[in-house]
Amino acid sequence: MKITFVPFVLLISMVVCVSLNAGEQKYRVTKLIDKGWIKGRITHSRSDLEMPKLEVDRDKGACGNESRKIMAVDIGPDGALSNTVVYLKEIAAGKDFVLPATPPTLTQEHCNFSPHVQLVPQFSSVRITNHDQILHSVHAYQFEPGQKFVLYPNSISSPSRTLFNIAMVAQRKESFQQLGEAGIVKTVCDAGHYWMTAYFVVMQHPYFAKVESDGSYKYRGCAARKIQSGELA
Ligand SMILES: [Cu+2]
């Protein structure tokens, strides 16, 4: 069975966990009696795609000379698709969404954002750190869930709106910023490092997973047990 593919970040698993409601109602926490799981594996049907390299054209002292690859299509030798997020769609109720004890962190180091993709609860406060001795910025754009993106790193699709835009000068090592409602937040660096890109996948409910390096994923705490895998054409 093929899973709907939204280029590069999101894969949508359409398995009902507890209840399904096509309306816009808010997620409701409920007590689960039979705790099960849903698991699967995401692969790409072609492992021989030739992707363009992103050449470093400035600040090589801090950034190095190594060209960067487009992380959005990081395909393993067996077709495993990294940097992919799988989530349950249109879920109305389920387990509680436990917030992390420490804020999610987005790091700028060696002129890269890290991690490239991370999952965070809505309205999270995120910590941003700059480990380089040069100017970076974090320009964060808010998008609707399911937004499709052009693969080229700093390309911004419209419509979009700026969530925040901060300068991370060499002396500014830390900043805290607030995320909003569920959706996708794409961050780029406006300081000329066009290859720097990262994504927050902001979720309203806890039934989501970033795939492992072998493309596998597993949700826990569902009222059903099911295996569902997807392959991208
Ligand atoms: Cu930068």
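Student: What order do the strands of the open sheet of five strands have?

Tutor: This is a predicted model, in which local features need pLDDT of at least 70 and side-chain atom pairs count only at pLDDT 80 or more, while totals for chains, interfaces and linings use all residues. Residues are numbered from 1 along each chain as its sequence is written. Strands are DSSP runs of E, at least two residues long, numbered from the N terminus, and two strands pair if DSSP finds at least two bridges between them. In this open sheet the pairing is mixed, and the order is β10-β16-β15-β12-β13.

Student: Which are the edge strands of that sheet?

Tutor: An edge strand here pairs on one side only. That holds for β10 and for β13 (161-168). Neighbouring strands of the sheet are turned against each other by 20° on average, direction ignored; the axes behind such angles are lines fitted to C-alpha atoms. The edge strands are β10 and β13.

Student: How many bridges join β12 to β15?

Tutor: Strand β12 covers residues 136-143, and the two strands run antiparallel. His139 stands opposite Val188 in β15. Tyr141 stands opposite Lys186 in β15. The number of bridges is five.

Student: Which residue of β16 is the bridge partner of Val185?

Tutor: Strand β16 covers residues 197-203. β15 and β16 pair in the antiparallel sense over six bridges. The partner of Val185 in β16 is Phe200.

Student: Why is strand β15 largely enclosed by the rest of the structure?

Tutor: A residue is buried if 20 or more other C-beta atoms lie within 10 Å of its own, exposed if 12 or fewer, and partly exposed in between, with C-beta atoms placed from the backbone. Strand β15 spans residues 183-188 and has six residues. It is largely enclosed because the number of buried residues among them is five.

Student: Which residue in β9 is the bridge partner of Glu109?

Tutor: β8 and β9 pair in the antiparallel sense over three bridges. The partner of Glu109 in β9 is Asn112.

Student: Is Cys111 buried or exposed?

Tutor: Cys111 sits in the loop between β8 (105-109) and β9. It has a positive phi of about 60° although it is not a glycine. Most residues other than glycine have a negative phi. Cys111 has 23 other C-beta atoms within 10 Å, so it counts as buried.

Student: How many other C-beta atoms lie within 10 Å for Phe123?

Tutor: Phe123 is in the loop between β10 and β11 (125-130). Its phi is also positive, about 65°, although Phe123 is not a glycine. Phe123 is partly exposed. The count is 13.

Student: What is the omega of the peptide bond from Ser114 to Pro115?

Tutor: Pro115 lies in the loop between β9 (112-114) and β10 (117-121). Most peptide bonds are trans. The bond from Ser114 to Pro115 is cis, with omega near -5°.

Student: What distance separates the C-alpha atoms of Leu88 and Tyr219?

Tutor: Leu88 belongs to strand β6 (residues 85-88). Leu88 counts as buried, with 23 C-beta neighbours inside 10 Å. Leu88 and Tyr219 are 131 residues apart along the chain. Their C-alpha atoms are separated by 9.2 Å.

Key. Helices (H or I, at least four residues) and strands (E, at least two) are DSSP runs, numbered from the N terminus. Axes are lines fitted to C-alpha atoms, for helices over the stretch in contact, and angles run from 0 to 180 degrees between N-to-C directions.
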